[in-house]
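Colleague: Could you take me through the strand pairing in this one? I want a close look, strand by strand.

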Amino acid sequence: MSPSVPRLALLAALLACACSTPLQRPWSPDVRRPRDLDVEHVELRLAIDHLAGHVSGEVELTLSAVDAPLRQVLLDAVELDVSEVSDADGTPLPFHLGPETLVIDLPAPLPPGQSARVQVRWSAFPRNGLYFEGPSSSDPSRPWHVWSQGQNHEARHWMPCWDQPTDRASVRLELEVNEDLDTLCAGVLEHSELLPALGRRRDTWSLDNTHPTYLITIVVGDLAEGRLPGPLPLPVHARARDLDAALYATRHTAKMLELFAEVTGRDYPFPKYAQVFVDDFTAGGMENISATTMYDEGLHHPTDEPQVDISGLVAHELAHQWFGDLITCDGWGELWLNEGFSDWMELLWTEQQLGREEAELQARDYQHGGMRAEDRHSRPLVWPQYDQPDDMFDGHSYAGAAARIRLLRSELGAELFQRCLASYVERHAETMVSTPELMAVFSEVAGRDLTRFFDEWFYGTGYPTLEATVEADGRTLKLTQTQAERGGREVFHFGIDVAWSRGGVESSARVLFDSAQQSLPLSGQGSLDWVYLDVGSVLPGARQLLQDEAAWARQLSGADDAVARLIAARWFEGDRSVRSDGAGAASEAGTRALHAACTDSFRAVRESAARALALELDEAAVMTLLNLSEDDDPRVRVAAIEGLAEALDGDALRVVRAAAADPNGAVAVAAVRALVDADRPEAWSTLTRLLAAEQRGAGRIRVARDLVQMLPRMDAPEALPLLVATASKHPERWVRSAAVSALAQMDETRGQVVFRQLCRSLRDESHSVRQAAVRGLALDGVDARERAHLRALYDLEVHSGVMASLEALLP
């Protein structure tokens with residue numbers, strides 16, 4: 001199909017001026033301004049034409065002045081066609097519509113304490129905030145899904161509103177759609193009315209609980225519905241083919257509700273909790289109040305667990321109903337109050353469901369995530385100086401904050417921390433909060449001044465780097481904070497637990513840091529076996545323990561704590577977070593300990609030991625890996641298959657071939673990768689057979705994506721046509737994105753097949769595919785002609801991530 005004449009004219013005009021005009025976003029990503037009004041209630045009537053991508057509506061805002069008399073009402077509005085503004089009696093009000101705001105003149109100043117109502121009628125073809133996903137050339141059978149995504153300031157693209165996270169209002173929403181489409185909004189469905197003459201239906205939803213504008217949610221589409229058992233309505237919505245997978249993915253919701261109510265001291269605060277999976281969602285999940293939206297690509301087949309499992313995402317979004325929805329951060333500079341607590345609550349779910357050891361591993365991942373974020377961009381967790389809101393959605397606000405919350409819990413003790421948290425939730429429900437308000441509650445309830453703790457861990461930058469060495473007499477552990485050597489804070493104040501063993505008898509003690517250096521007597525009888533730093537994994541910082549290989553081998557073989565054994569296995573594996581010098585050849589004693597660890601009761605120890613043995617493959621190591629290839633845990637099987645890839649013949653080859661049919665997708669992918677890397681003649685047929693067998697929809701998207709990413713490494717003439725076909729026609733966006741990225745790695749010269757497909761993918765309906773195409777073009781740079789084409793596409797782009805990639809590519 002050829003583009004229409006107006007579109008061609010627009011594109012020609014854009015191309016003509018592309019080289020002369022600077023890159024400029026069509027709207028500002030940051031709209032911070034002082035709050036001079038309080039929106040108390042939103043009455044919204046909206047008609048959606050999903051085929052045209054059009055909305056029209058009327059909104060009535062009940063509002064009041066905050067501190068001073070209000071003469072004008074300034075609302076956020078981007079690319080809206082406002083036709084009429086009036087007061088509650090229908091009297092027209094003067095207004096001015098700018099590029100990003102709607103300014104309404106009030107007939108008289110509105111004094112604080114008094115309310116007024118203003119009504120606005122408008123229509124729009126939203127380019128952001130409200131998304132229309134339907135049948136496409138790559139997936140003609142895809143049903144229509146229309147969904148909103150308000151975070152950070154995106155509601156202003158489809159309705160005039162106060163689009164800041166600094167205000168809360170109740171909402172009643174009247175939604176008119178085609179009668180064959182379902183609707184889902186926050187709160188309860190009050191009324192549904194058929195409009196037979198129009199072939200339409202009007203659904204009315206309401207929620208009395210106040211919330212920020214960015215949490216208003218609209219989902220319209222051809223949706224199947226299921227119900228989870230629980231103490232309140234727990235509907236689950238998804239594409240019909242995906243409903244069983246959606247119900248499976250969310251099956252623990254009721255247990256999570258019970259846990260989170262216990263932790264916060266507050267029952268779930270809203271009349272229902274819905275979870276809906278939609279096509280081409282722009283995030284993993286969004287905690288819209290009482291009705292979370294999630295990406296349907298996260299749905300998976302049970303046999304692909306635990307590597308693919310969105311239980312953590314389900315827990316995170318549910319936790320937001322308390323932290324983010326019931327209590328909302330007072331501005332994006334305080335985002336950690338939303339995201340950090342939700343990540344921390346996810347960790348509590350991991351501990352309840354999978355046990356302490358798995359929770360500690362996740363806690364260590366959080367710590368490393370926070371440190372990586374700090375290494376990339378040093379900033380405090382509380383950071384009102386951000387350039388744009390997206391800057392706040394990083395490892396500081398999520399994992400880094402959760403790690404610091406966990407440290408605070410360790411400092412106060414679990415029982416006292418929970419009392420503090422319950423008081424915080426009770427006092428600040430349905431309010432906007434800041435870090436000083438949280439600190440005030442915790443300090444009061446704990447009976448101690450927490451100013452120093454918050455100054456160091458939430459308002460300060462950096463993280464502690466702790467080095468520990470055993471004195472020559474084997475009786476004293478010297479612990480030193482070294483972060484000041486690279487410009488960091490001289491001293492962080494915290495306490496950690498240290499364990500050690502003498503003569504096979506374990507002991508432990510707590511070390512409190514009030515200076516950069518501390519010493520710990522290692523008491524007990526007999527010679528020192530080993531030392532383990534940070535029992536419980538609570539320190540949001542780096543730890544380096546210098547002990548010899550024999551001590552690590554004894555720790556791996558004899559420590560009671562499974563995580564202590566894992567850290568020892570990771571030392572042999574060469575994990576840089578444990579061993580700064582990387583992996584080295586293991587001694588005979590170390591090798592014996594690694595072989596023994598392959599039968600450890602904790603799967604992560606077996607997995608790490610397998611990777612360590614694979615560093616020096618001998619006949620004994622191969623035999624152990626062959627045994628581990630049949631382990632009950634698929635993560636261990638993956639490690640075994642990856643290790644056997646280095647000795648791919650005989651029994652190892654037989655096992656790897658068989659593993660390509662493993663029901664767990666990650667194991668099968670590891671086996672195919674081993675065949676590809678070894679350039680085995682059966683690699684192509686094995687890969688393409690598995691790729692063809694992968695079903696569309698929920699279950700195996702990741703398998704297909706991972707297989708496609710291997711194609712550039714294969715010396716097969718069929719690889720390029722397969723990639724082109726996948727990039728242009730595969731129904732799943734993740735797989736198309738993978739094919740586009742793989743194409744960019746092919747040896748095909750620019751300007752031929754690869755370049756043409758990358759350009760076609762720049763017009764893909766999915767933002768993730770377009771972004772992959774931009775990154776692919778960036779690998780070799782672009783010439784003047786290509787730059788003009790990309791500049792024109794930039795002016796038509798709506799997704800901020802694609803825009804950012806284009807900005808990086810185009811000077």
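Modeller: What follows covers an open sheet and then a separately described set of paired strands. Keep in mind that this is a predicted model.

Start with the open sheet. It has seven strands, in the order β4-β7-β2-β1-β10-β13-β12. The pairing is mixed. Two strands form the edges: β4, residues 81-87, and β12, residues 188-195. Each of these pairs on one side only. From one strand to the next, the twist averages 15°.

The partner of β4 is β7, which spans residues 115-124. The two pair in the antiparallel sense, over six bridges. For a landmark, find Glu84: its bridge partner in β7 is Arg121.

Next, turn to β22, residues 465-470. One is with β28, residues 542-546. Here the strands run parallel, and five bridges join them. The other is with β23, residues 476-481. Five bridges join that pair too, but β22 and β23 run antiparallel.

In β28, Leu466 stands opposite Arg543. In β23, its bridge partner is Gln481.

β22 and β23 form a hairpin, with five residues between the strands. Look at Gly474 in the turn. Its phi is positive, at about 70°.

Then move to Leu466, with Arg543 opposite and Gln481 as bridge partner in β23. Finish at Gly474 in the hairpin turn.

Methods
Residues are numbered from 1 along each chain as its sequence is written. This is a predicted model: local features need pLDDT of at least 70, side-chain atom pairs count only at pLDDT 80 or more; totals for chains, interfaces and linings use all residues. Side-chain values use heavy atoms; hydrogens and water are left out. Two strands pair if DSSP finds at least two bridges between them. Helices (H or I, at least four residues) and strands (E, at least two) are DSSP runs, numbered from the N terminus. Axes are lines fitted to C-alpha atoms, for helices over the stretch in contact, and angles run from 0 to 180 degrees between N-to-C directions.
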